[in-house]
Amino acid sequence: MAVLDIILAPDPILKTPTTPVAAVDDRVRRLMDDMLETMYAAPGIGLAAPQVGSLDRVLVCDVAGKDEEPRPLKFANPTITWRSDAVVTGQEGCLSFPDHYADVARPEAVRIAYLDETGAEQEIAAEGLLARCLQHEIDHLDGIVFTDHLSALKRSIILRKMGKLKRTRRAA
Ligand code: NI
């Protein structure tokens, strides 16, 4: 496994919709494993393929608490098949926007169809933090980042600071 570079916003790849994988093969399984290692190293609770420069429709997440056993989840070709009418607002961050957090309103519960790491069709019902995390990551797979859910003013403030951060890092 390998820790990959995480792409910081703003970057065109973060705005590009992904393509479903044709099959969950060794290449996709390696991508999932590398993404999990990258996510744990960051550390974060979710990571989508565009954040490591891949346009495969793949995401990983683990919302286990610090003192709990890890619960890594790997998804290929996830699609939301049901959303609750109930919407909750909660704080979100993103590994592509280090140190930026904002409240985002999302359905409280969702059902998601996907392929697991063996290529088998699965469906998961998620609520709470897992539902929020999976919706955030599926957004990434559709070229949507969490700042797209904010007001134009909040979004422009965060993007300006991110632009500055990227220029500073390039100069360093
Ligand atoms: Ni994110």
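Close-up 1. Helix α2 is largely enclosed by the rest of the structure, because 12 of its 14 residues are buried, where buried means under 20% relative accessible area, exposed means over 50% and partly exposed lies in between, with a 1.4 Å probe and protein chains only. The buried residues of α2 are L130, A131, R132, C133, L134, Q135, H136, E137, I138, D139, H140 and L141. Helices (H or I, at least four residues) and strands (E, at least two) are DSSP runs, numbered from the N terminus. From its first C-alpha to its last, α2 reaches 20 Å, close to the 20 Å expected at 1.5 Å a residue, the expected span being 1.5 Å times one less than the number of residues. After α2 comes G143, whose phi is positive, near 80 degrees. This is a predicted model, in which local features need pLDDT of at least 70 and side-chain atom pairs count only at pLDDT 80 or more, while totals for chains, interfaces and linings use all residues. Residues are numbered from 1 along each chain as its sequence is written, and side-chain values use heavy atoms, with hydrogens and water left out.

Close-up 2. C94 (SG), H136 (NE2) and H140 (NE2) coordinate the nickel ion at 2.1 to 2.2 Å; donors are N, O and S atoms within 2.8 Å of the metal (3.2 Å for Na, K and Ca), and sites may look incomplete because water is not among the atoms. Along the sequence, the donor residues follow the spacing C-x41-H-x3-H. H136 and H140 are separated by about one helical turn, because they are four residues apart in helix α2 (residues 128–141). H136 counts as buried at 6% relative accessibility, and H140 is buried with a relative accessible area of 1%.

**Close-up 3. The largest pocket.** The largest pocket holds about 410 Å³ of space and is lined by 21 residues, of which I45, E92, G93, C94 and Y101 lie nearest its centre. The elements that give two or more residues to this lining are β4 (87–92) and α2, and α2 gives the most, with six residues. On a 1 Å grid over the protein atoms alone, a pocket is an open set of points where a 1.4 Å probe fits, with protein on both sides within 12 Å along at least five of seven lines, and lining residues have an atom within 4 Å of a point. Grid points are joined across faces, edges and corners, and a volume is the space filled by probe spheres set on the points.

**Close-up 4. The second largest pocket.** This pocket has a volume of about 200 Å³, and its lining includes M39, Y40, P43, G44 and I45. Further lining residues, among them D62, K66, E68 and E69, also belong to the second largest pocket.

**Close-up 5. The largest nonpolar core.** Of the 17 residues in this core, F75, I112, L130 and L134 touch the most other members. The strands β2 (58–61), β3 (73–83), β6 (109–115) and β7 (121–127), together with α2, each supply at least two residues of the core, and α2 gives the most, with six residues. A nonpolar core is a set of buried Ala, Val, Leu, Ile, Met, Phe, Trp, Tyr and Cys residues joined through side-chain atoms within 4.5 Å.
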